[in-house]
Amino acid sequence: MSEATVSVKGGGKAEIKVIEDRCKGCGFCIEFCPMHVLDYSPKINARGAHPPYAKNPDACTACGLCEQLCPDLAIYIVKRKEV
Ligand code: SF4
Ligand code: SF4
């Protein structure tokens, strides 16, 4: 199975990384992101699910909730260094 990671930088406080083929499409990350950064991608992955994508990456505050909630370890963030 491919483990390709899709990475979105945007202007927010973190780079959002989605390992699309791990996602089962539960939607936790999308529903609970306090900044409404994420939405379902139109793509269908290896599990037949629509993985999340960052529709509004500039709003990400790097809170890490999406990463903590994902049951399948399919989404994570890399915080930007403060400058
Ligand atoms: S780190 Fe927080 S603000 Fe950024 S996408 Fe995840 S839940 Fe949303
Ligand atoms: S929480 Fe994880 S498994 Fe659920 S939709 Fe988000 S990335 Fe996919």
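I began with the hairpin of β1 and β2 in this predicted model. I found 5 residues between the two strands, and Gly 10 has a positive phi near 60 degrees.

Next I looked up how the strands pair. β1, residues 5-8, runs antiparallel to β2 and is joined to it by 4 bridges. For Thr 5 I noted Ile 19 as the bridge partner in β2. I then turned to β5, which pairs with β2 over 5 bridges, again in the antiparallel sense. Here the partner of Glu 15 is Val 78 in β5.

I checked which way the side chains of β2 point. They alternate along the strand. Ala 14, Ile 16 and Val 18 are on one face and are buried.

Then I went to the largest nonpolar core and noted 17 residues. Those with the most contacts inside this core are Ile 16, Cys 29, Cys 33, Leu 38, Cys 66 and Ile 75. At least two residues of the core come from each of β2 (14-19), α1 (28-32) and β5 (75-79). β2 gives the most, with 3 residues.

Leaving aside residues up to four places away in sequence, Cys 29 touches Leu 38, Pro 52, Cys 66, Leu 69, Cys 70 and Ile 75.

My last entry is on ligand 2. I listed 15 residues around this ligand, and Cys 23, Cys 26, Cys 29, Cys 70 and Ala 74 come nearest. By type, the shell divides into 11 nonpolar, 2 polar and 2 charged residues.

Terms used
Residues are numbered from 1 along each chain as its sequence is written. Chains are lettered from A and ligands numbered from 1 in the order in which they are written. This is a predicted model: local features need pLDDT of at least 70, side-chain atom pairs count only at pLDDT 80 or more; totals for chains, interfaces and linings use all residues. A residue is near a molecule or strand if its C-beta atom, placed from the backbone, lies within 6 Å of it. Ala, Val, Leu, Ile, Met, Phe, Trp, Tyr, Cys and Pro count as nonpolar, Asp, Glu, Lys and Arg as charged, and the others, Gly among them, as polar. A nonpolar core is a set of buried Ala, Val, Leu, Ile, Met, Phe, Trp, Tyr and Cys residues joined through C-beta atoms within 7 Å. A residue is buried if 20 or more other C-beta atoms lie within 10 Å of its own, exposed if 12 or fewer, and partly exposed in between; C-beta atoms are placed from the backbone. Two residues are in contact if their C-beta atoms, placed from the backbone, lie within 7 Å. Two strands pair if DSSP finds at least two bridges between them.
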